[in-house]
Amino acid sequence: MDLTAVLLAGIVASVFVGFNIGGSSTGIAWGPAVGAGLLRKVTAAALMTFFVFLGGATVGRNVMETLSGDIITIEISLAAGVAILFFIGLGILVANVFGVPVPTSMVTVGSIAGLGLATNTLNFETITWIISWWIVTPVLGLWIGAFIGRYIYPELNRRFEIRASDGPLLSLDRTGTVPRPVLGPNTTGQELTGTIVVFVIGCYMAFSAGASNVPNAVAPLVSSGALAPNPAIIIATAAIGLGGFTIARRTMESVGSELSDIPLLAALIVMITAATITTLLSWAGIPISLVMASVMTIVGLGWGRATRPITAREAIRGDTDAELAMGALTTEPDAPITKIGEEESDEALDAGNLFNPRAIVKYVSMWIIGPAMSTILAYGFFVALPFV
């Protein structure tokens with residue numbers, strides 16, 4: 001087969017993968033800000049594209065190296081790279097059918113591992129190291145979220161309330177010689193500060209998404225030598241940006257609607273925690289996903305907030321009749337704050353449900369099924385077609 005045609009097929013597959021990544025990760029990074037009316041969708045997509053490029057061109061190179069040359073002991077051929085991208089795209093498609101954002105990094109590693117098993121070239125030390133972090137990451141996100149929810153969140157909720165007022169955030173004062181920006185007619189200093197915080201965190205989240213996801217779209221082609229890292233990063237960024245400007249528009253509206261109904265402050269805590277975990281692990285060259293850290297931080301945040309009416313000793317022993325408020329994250333900022341071990345106020349107990357346990361089960365199931373299926377399918381394919 002003509003190598004040019006194979007390379008073209010690989011680039012098309014890479015763009016497809018990046019396009020779908022952009023559709024899901026843009027919603028995760030900018031959904032809270034867009035939903036709060038602090039940012040337009042087009043602006044969010046543009047910022048996403050820029051910071052994805054920064055993340056992929058810097059920290060993402062470490063993940064690219066792991067995916068390209070550390071999981072298996074041989075270089076991935078061009079044809080094999082195209083096949084792997086196909087399995088990655090298939091994994092994303094299956095996840096979309098079930099309505100669950102499967103961690104793309106896990107599907108990518110699974111597909112490459114399938115090739116390694118079929119050719120007896122799998123680096124078991126590296127794959128064990130990666131999988132161990134897949135186990136540690138959700139536990140880490142869960143406990144960080146639980147600590148914040150139990151001991152810090154109620155006070156943060158009382159002190160900081162981020163809402164978008166009517167009218168423009170800023171306006172121009174033209175009374176002087178030189179026009180200068182001033183607060184809008186209904187804008188408060190707290191709102192301006194909150195908006196800046198949301199903006200910075202969204203950029204950080206986009207950077208983290210680029211660090212973890214840009215390599216997923218192009219690493220198989222880089223390993224084959226068909227594409228150099230720099231043009232590969234540009235192709236992946238363009239594809240992710242295209243997804244951000246198109247299919248992500250709906251995702252930004254609906255992000256979090258199934259998993260949780262939490263206020264902007266809680267969403268920002270989740271974003272900071274998940275982005276930090278993902279960026280640090282990507283810097284270490286570990287393929288990891290924002291989805292995994294985000295979901296478990298939400299669960300931990302809610303669980304920690306809900307267990308405030310009981311002491312740590314009672315929680316461990318399971319010896320309590322206290323009513324746990326699973327919707328307490330949605331409590332109004334002026335609701336009274338109770339001490340650890342005391343009963344919650346009526347405002348907290350009347351709040352809506354924090355998260356849907358069935359959705360959690362579905363997400364975690366896909367974290368297991370997604371990479372397992374990509375490994376099995378890739379293994380069967382490369383065993384049946386060893387010449388690829």
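Figure 1. The model shown is a predicted one. S105 is found in helix α5, which covers residues 104-118. Apart from neighbours within four places in sequence, S105 is in contact with W134, S212, N213, N216, P287, I288 and S289.

**Figure 2. Packing of helix α2 against helix α7.** Helix α2 spans residues 41-57 and helix α7 spans residues 189-224. Their axes lie 7 Å apart and form an angle of about 50°, which means that α2 is oblique to α7. The crossing of the two helices, α2 and α7, is right-handed.

**Figure 3. Residues in the contact of α2 with α7.** From α2, the contact draws on L47, M48, F51, V52, L54, G55 and G56. From α7, the residues taking part are F199, C203, A206, F207, A209, G210, A211 and V214. Of the residues in this contact, 12 are nonpolar and 3 are polar, while no charged residue is present.

**Figure 4. The chain as the setting for the close-ups.** The chain has 388 residues, of which 51% are buried. Its secondary structure includes 14 helices and 2 strands. Among contacts in the chain with a separation of 6 or more, 81% join residues 24 or more positions apart. The chain exposes about 17,700 Å², and carbon and sulfur atoms supply 65% of that area.

Note on methods
Residues numbered from 1 in each chain as written. Predicted model: local features only at pLDDT ≥ 70, side-chain atom pairs only at ≥ 80, totals over all residues. Heavy atoms only, no water. Helix = DSSP H or I, 4+ residues; strand = E, 2+ residues; numbered from the N terminus. Buried < 20%, exposed > 50% of the residue type's maximum accessible area, 1.4 Å probe, protein only. Contact = heavy atoms within 4.5 Å. Areas by Shrake-Rupley, 256 points an atom, 1.4 Å probe, with all protein chains shown as cover. Axes fitted to C-alpha atoms, helices over the stretch in contact; angles between N-to-C directions. Parallel < 35°, antiparallel > 145°, perpendicular 65-115°, else oblique. Left-handed = near helix turned anticlockwise from the far one by under 90°. Nonpolar A, V, L, I, M, F, W, Y, C, P; charged D, E, K, R; others polar.
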